[in-house]
Amino acid sequence: MIDRIQFSTGEAMGDAGNATATGYSQPISGRVLAVSVHYQGAPPVTTTLLVYDENDPTAEPIVHLFNTNSDRKLYPRRAVSTFDGADVLYSEAFPVYDHFVAFGRLQAVLTQADQGCSALLTVWLER
């Protein structure tokens with residue numbers, strides 16, 4: 001089954017170019033298929049957005065948009081690893097990629113923005 005959820009970082013607080021905001025999704029469970037990011041309030045080009053599974057102890061980012069304020073749709077993937085942490089490869093230099101798996105809430109962190117700016121995220125999940 002495919003689900004679609006939306007959540008926001010909330011409005012950033014702080015000085016221009018250094019304001020931050022953190023928002024959380026509803027609880028989820030499944031594979032992250034796609035993420036759409038829509039910036040609100042004209043944040044500066046220095047804006048950074050990170051999206052994590054808040055239950056991931058390594059805090060591996062599902063989305064990491066650095067120095068951008070452009071709306072986009074992403075299909076995030078991570079390199080698949082073997083039991084000892086080595087990347088699974090198609091050949092010597094081509095890793096195999098798969099979806100991120102999340103359980104709990106997604107956490108979106110907006111930094112280096114202007115006060116009042118935010119990001120609206122739409123996430124497609126497969127259960």
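I looked up Ser118 and found it in strand E13, residues 118-126. Strands here are DSSP runs of E, at least two residues long, numbered from the N terminus. The model is predicted, so I kept in mind that local features need pLDDT of at least 70, side-chain atom pairs count only at pLDDT 80 or more, and totals for chains, interfaces and linings use all residues. Residues are numbered from 1 along each chain as its sequence is written, and side-chain values use heavy atoms, without hydrogens and water.

Is Ser118 buried or exposed? Ser118 counts as buried because its relative accessibility is 6%; the cut-off for buried is under 20% relative accessible area, with a 1.4 Å probe and protein chains only. I then listed its contacts (heavy atoms within 4.5 Å). Leaving out residues up to four places away in sequence, Ser118 touches several residues, including His38, Tyr39, Gln40 and Leu110.

Next I checked a sheet. It is open, with 4 strands in the order E2-E12-E4-E5 and antiparallel pairing. Two strands pair if DSSP finds at least two bridges between them. E2 (19-24) and E5 (63-65) stand at the edges with a single partner strand each, so one side of each has no neighbour in the sheet.

I zoomed in on E4 (48-53) and E12 (106-113): 6 bridges join these antiparallel strands. Val51 has Ala108 in E12 as its bridge partner.

Last, I turned to Pro95, in strand E9 (94-95). Beyond its neighbours within four places in sequence, Pro95 contacts Ala79, Val88, Leu89 and Tyr90. Pro95 and Gln112 are 17 residues apart in sequence and 32 Å apart in space, C-alpha to C-alpha.

Definitions and conventions
Buried < 20%, exposed > 50% of the residue type's maximum accessible area, 1.4 Å probe, protein only.
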